[in-house]
Amino acid sequence: ALNYDSNAIYDNGTCLYCNTTLPYAENFDNNIGTWTNTGSAGDWLLNSGGTPSNSTGPTDDVTGGGNYMYIESSSPNYPNVGPFTLTSECFDLTGSSNSILSFYYNMYGSDMGTLNVYANGNLIWSLSGDQGVGWNLAEVSLVGLGNNIVIDFEGITGSSFTSDIAIDNINIEDQQA
């Protein structure tokens, strides 16, 4: 386990094992996979179709007809704006020389907040504000961040209902130079 403690006298279930190898893909069409909601402000939600609020959020997943994860900025979360954190399992990048994280994001709404991505607690990508209607692709290098990586998607909504944040089709792969 990554956080093994030889002084521990019992197993409290918090040991982190890193056994997921590349390539990795999650599109949320079969639930949320091994991702977990770890934020104290509220949860990322699994959804298909559009979000319940007008003039914000996606109308469908990135490929059409599937699921995505999103943060609803109105009820039940409002007035809490976050942060809302979705955490991955541990990825083993051993032997990978050019690991890339790619994902699609939807940040449509006039009062959009911020989407941050962390790897092992280090901020590796951040975007704020209305990005317009539709899904956008982000690609982020994981080079130099270690052989074992845990990814966190952190969303902070704006101060009104027009700030739903969504993600879909998360991939990690080794792209040869």
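Two strands are taken to pair if DSSP finds at least two bridges between them. With that in mind, one can turn to the model, which is a predicted one, and begin with strand β6, which covers residues 99–106.

On one side of the account stands strand β9 (residues 136–141), which pairs with β6 in the antiparallel sense over six bridges; within this pairing, Tyr105 stands opposite Asn136 in β9. Strand β11 (residues 165–174) also runs antiparallel to β6, and seven bridges join these two strands, with Ile100 placed opposite Glu173 in β11. Strand β6 is also mostly covered, since seven of its eight residues are buried.

The aromatic rings come next. When rings are counted as a pair if their centres lie within 6.5 Å, the count comes to eight aromatic pairs. In one of these, the ring centres of Phe103 and Phe153 are 5.0 Å apart and the planes stand at 85°, so the pair is edge-to-face, given that planes over 60 degrees apart fall into that class. Because Phe103 lies in β6 whereas Phe153 lies in strand β10 (residues 148–156), this pair ties together parts that are 50 residues apart in sequence. Both Phe103 and Phe153 are buried.

These two phenylalanines also belong to one aromatic cluster, which they form with Trp35, Tyr105 and Trp125.

Terms used:
Residues are numbered from 1 along each chain as its sequence is written. This is a predicted model: local features need pLDDT of at least 70, side-chain atom pairs count only at pLDDT 80 or more; totals for chains, interfaces and linings use all residues. Side-chain values use heavy atoms; hydrogens and water are left out. Rings of Phe, Tyr and Trp (its six-membered ring) pair if their centres lie within 6.5 Å; planes under 30 degrees apart count as stacked, over 60 as edge-to-face and the rest as tilted. Helices (H or I, at least four residues) and strands (E, at least two) are DSSP runs, numbered from the N terminus. Buried means under 20% relative accessible area, exposed over 50%, partly exposed in between (1.4 Å probe, protein chains only).
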